[in-house]
Amino acid sequence: MYVEKNLDNHRMICIATSNGVFICEHEREWRVVRRALDRQHVTSVSGREGVILAGTADGLFRSTDRGRTWHGASAGLNERHVRWLSHHPEMPDLVFAGTEPAGIYVSWDGGTSWHGRGEVARLRDEHHWSLPYSPAAGCIRGFAFIGERGYAAAEVGGVLRTDDRGVKWRLADGSDGNPNLDGPPAPFVYPDVHSVELGDSPELVFAATGGGFYRSADGGATWKCLYECYCRAVWVDLSEAQHLILGPADYVDSNGRIEESRDGGETWRAASAELKVPWRRHMVERFAQAGSDLFAVLSNGELYVTPHDSLQWRRILPDIKDVHAVAALAG
């Protein structure tokens, strides 16, 4: 049984799973207080100022009462398989959806209606973007924004950039758009991009890819491979941009682990002392921050948490299976 109560004074998260969403709170421990969208394969969630959006394999849902009630919110969404959702950190009504096949949709009204960016579809078709596990023409599976500037991760396609809050998108100069998994030469980024994050300026960009972990100091024009690995997720400490947490593996879901850098990715050390790593058949799929907590979603659907200043990881909410994403909800 999930107990409804006044949640205003507690930390809250929304968890996306293969069987709906779970609203959880933390007092002494994390606990489920509500679930919704049963039997929906929920791929991603994002929340801002009381509004929660949930992306599924067949469209979007929206809640304005912290997940008690939901309604469809797919108006204008021509590609219905949503792979990622992201609110702009400074503009709560500006939301982005990445889809499979690769498309970017923008909402200027908090996720009520959506507008496709045709130039992204044209890039997808021109460069023949693809996925190794799906017949679809690539997908968009990550966003990062500061002010007018934004970036998107295209799998398998490269890094996209916008300079006007997502109205228009183009390939970053250091991304050739070619989905060839042999990879381009330096200073281009590897095209199998799984996520992008920003440091303390819109010029400092990090990309977790299937061919290594990359950094650009010039807005995506040139890239340096900092770590030769397979990776999907990185967390950047916005109070200290040289502090990074990465989820590298040897290959797809092979010998996954968590590592930390204090010098912007030049050197790395183990950051998973409380965990039995390497995980032989899974890895970190996503990182997400909620207040002082850092969450790690693993590719086997497990969920871990740590205070981000101590890196003492522990598994939480083991009864929730097949987790895909976590989003913080304001208290």
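Predicted model: local features only at pLDDT ≥ 70, side-chain atom pairs only at ≥ 80, totals over all residues.
Local features are described where pLDDT is at least 70 and side-chain atom pairs at pLDDT 80 or more, while totals for chains, interfaces and linings use all residues. Residues are numbered from 1 along each chain as its sequence is written, and side-chain values rest on heavy atoms, with hydrogens and water left out.

Helices and strands here are DSSP runs, numbered from the N terminus: a helix is H or I over at least four residues, a strand is E over at least two. Two strands count as paired if DSSP finds at least two bridges between them. Strands of a sheet pair through backbone hydrogen bonds, either parallel or antiparallel.

Strand 20 is joined to strand 21 (residues 244-249) by 5 bridges in the antiparallel sense. Within strand 21, Ala-249 is the residue that stands opposite Tyr-230.

The loop between strand 20 and strand 21 holds His-243. Is this residue buried or exposed? Buried means under 20% relative accessible area, exposed means over 50%, and partly exposed is the range in between, using a 1.4 Å probe and protein chains only. His-243 is buried, at 1% relative accessibility. Contact means heavy atoms within 4.5 Å. Apart from neighbours within four places in sequence, His-243 is in contact with Trp-235, Val-236, Asp-237, Glu-260, Ser-261, Arg-262 and His-308.

Strand 26 (residues 303-307) is largely enclosed by the rest of the structure, because 4 of its 5 residues are buried.

Helix 1 (residues 118-127) has a buried side. Its buried residues are Glu-119, Val-120, Leu-123, Arg-124 and His-127. Seen down the helix axis, they fall within an arc of 145°, so they line one face of helix 1; the arc is taken from the directions from the helix axis to the C-beta atoms. An α-helix has 3.6 residues a turn, so residues three or four places apart point the same way. The buried residues of helix 1 pack against strand 10 (103-107), strand 14 (158-162) and strand 15 (170-171). On the face turned away from that buried side are the exposed residues Arg-122 and Glu-126. His-128 follows helix 1 and has a positive phi, near 60°.

The cysteines come next. A disulfide is a pair of cysteine sulfur atoms within 2.5 Å, and by this rule the count is 0. For Cys-139, the nearest cysteine sulfur belongs to Cys-231 and is 15 Å away. Cys-139 is buried at 0% relative accessibility, and Cys-229 is buried with a relative accessible area of 10%.

The last topic is charge pairing. A salt bridge is a side-chain nitrogen of Lys or Arg within 4 Å of a carboxyl oxygen of Asp or Glu, and the whole structure has 26 of them. One joins Arg-83 to Glu-100 at 2.8 Å, N to O. Arg-83 sits in strand 8 (residues 82-88) and Glu-100 in the loop between strand 9 (91-99) and strand 10, 17 residues apart; both residues are buried.

Another salt bridge, at 2.7 Å from N to O, is between Arg-215 and Glu-266. Arg-215 belongs to strand 18 (residues 212-216) and Glu-266 to the loop between strand 22 (259-261) and strand 23, so this pair ties together parts 51 residues apart in sequence. Arg-215 is buried, with a relative accessible area of 18%, whereas Glu-266 is partly exposed at 39% relative accessibility.
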